[in-house]
Amino acid sequence: MQASNWQALKAVMQRDLMVVMRRRSDVLNPLLFVLMVVTLFPLAVGPGPDILGRIAAGVIWVAALLSALLGSERLFREDYLDGTLEQMTLQPQPLPLLAFGKMAVHWLLSGLPLVILAPLCALLLKLPMAGWWALVATLLVGTPILSAITAIGAALTVSLGRGGALLSLLLLPLFIPLLIFASGAVEAALVGTEAWPQVLLLAGLSLLTLLLAPFAVAASIRVSVN
Amino acid sequence: MQFDSWQAFINMGGYGFYVWLAFGVSFLALALVVVQGLQARRKLQQEFVKEQQRQQRLARRKREVT
Amino acid sequence: MWRWLHPYAKPEVVYHLLGRWLPWVTLGAVATLSIGLIWGLVFAPADYQQGDSYRIIFVHVPTAMLSMSLYLALAIAAFIGRVWQLKMADWALAAIAPVGMVYTFISLFTGAVWGKPMWGTWWEWDARLTSQLILLFLYIGVLALYHAFSDNRTGAKAAGILAMVGVINIPIIRYSVEWWNSLHQGATLTVFERPPMADSMLYPLLICLLAFALLAAALVMQRMRNEILRQELRRPWVKAQFAAELTEANNGQKGQA
């Protein structure tokens, strides 16, 4: 009997969740990395609230981008090595759907914790209260883009074995709009104007990315396993 | 003709350094692309020659054995 | 239409076709480039605000415009390679990317050099310069990915996907950078955005644009021919081609001696 698409999606997600839950350091390390970067900045530029408050949103977002790159290896690497990825390409269920499942789990375990961690980072960097909700809102709608684009890069480089620097070269230019609109939203909130337009724009971009990325990821997986 | 003398042309109304730097680096970069393309072709040709010599060596050895 | 196109899917045919066109395109590029640059550098009047420094425009604007067009061409080649699985499109991708990267670099460099006398600084975080810098990174990414694979075919497929993702992103990047620039910079830098040009400046600029387009075509054709040879090196027709070239070269040397 053939599993329905829905069942296949659920199976992929459950499996990925279980794998990661057995190795929690994969989830924790990128978050600790963000926390470290946030700690380094006051030490580098001085703890004055005027400087820190202004650069807080930018620092947190840049740290989020870099941590996404750090954690990207685990998305497909082991599945590629043990042949799971190849099995996935042979399934009767559409590959983009399965890729979407993996992206969703990646977001749950890297994007969502970042949203939860954000208030702590904002506190450490003395971000004024007015910017808090904008920061959390941009992280909430922006991190799915992060997961989706990272998944494309990870799928493209999975067969190379040495993703690292190459991956950041491929992906960082694609993150630029995200970075600009997200920090723009926080800045708008800080100066007391509406941050909604940017947040909604990010949400739109997020939806567009989620719609197109699974196909790009599926195509990349097919290129990589062959 | 906008310039009275060769000197004035080089000087570019005081902007000579910038204008000639921009043009110089641009055409240097383009020249490098052309040279690199020509070199790549020569390298392919050498690869062919090497391959051919190897084949000839192999054929000769085979003849000597038989 | 497919019947008509079919012979052009054969590398040998394309190689010879490109070989037949290349001298003419190169000749056209050299001729138009000489006319355009001499006209622009010597005969076009100086700008009443920027003096003679504006003459950088004759390199800057054509390369900037073509760097975008070349990325689009790259993505189209990638799309054709993906959908119709044409080897030739993969090779075109490998041929276009380096040329586009160099054009982007030239437009950035000339922009910076032009910025020094006009804005007083080599680098300004101006929207156009910034987008151009990002475009350079996109080109570098495509090339790096292509060369990261030991198998050229896989490399071309992977780089093609990246190019297509990039081409969807470019309008978003442009828009975001422009928005960011308007946010952080009250004063707009209008060096590149000028009132309609006088014909005496516009004509040489248009000729330069044509010249750089022809030059890009010639460079891409040259690289495409190399790429065809590289991929088909073990085929009889390439061997015959090289053998003929070598005997011709030898005969030429003997004739001289």
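This is a predicted model: local features need pLDDT of at least 70, side-chain atom pairs count only at pLDDT 80 or more; totals for chains, interfaces and linings use all residues.
**View 1. Surface and charge of chain C.** Charged side chains number 19 positive and 14 negative in chain C. The centres of these two sets are 12 Å apart.

**View 2. The helices of chain C.** Chain C contains eight helices and zero strands. Along the sequence, the pattern reads α-α-α-α-α-α-α-α. The C-alpha trace of chain C spans about 65 × 45 × 35 Å along its principal axes.

**View 3. Packing inside chain C.** Of the 257 residues in chain C, 52% are buried. Consider contacts in chain C between residues at least 6 apart in sequence: 78% of them join residues at least 24 apart.

View 4. An unreviewed UniProt entry places the feature "transmembrane region" at residues 27-45, 104-125, 131-158, 165-186 and 198-221 of chain A. Two of these spans are described here. Residues 27-45 of chain A are 100% helix and 0% strand, with end C-alpha atoms 29 Å apart. Residues 198-221 of chain A are also 100% helix and 0% strand. Their end C-alpha atoms lie 33 Å apart.

**View 5. Where the chains meet.** Two pairs of chains touch. Chain A and chain B have no contact with each other. The closest C-alpha atoms of chain A and chain B are 23 Å apart.

Methods: Residues are numbered from 1 along each chain as its sequence is written. Chains are lettered from A and ligands numbered from 1 in the order in which they are written. Side-chain values use heavy atoms; hydrogens and water are left out. Contact means heavy atoms within 4.5 Å. Helices (H or I, at least four residues) and strands (E, at least two) are DSSP runs, numbered from the N terminus. Buried means under 20% relative accessible area, exposed over 50%, partly exposed in between (1.4 Å probe, protein chains only). Lys and Arg count as positive and Asp and Glu as negative; His and the chain ends are not counted. The place of a charge is taken as NZ of Lys, CZ of Arg, CG of Asp or CD of Glu. UniProt positions are given in the numbering used here, feature names are shortened, and annotations may be inferred rather than shown by experiment.
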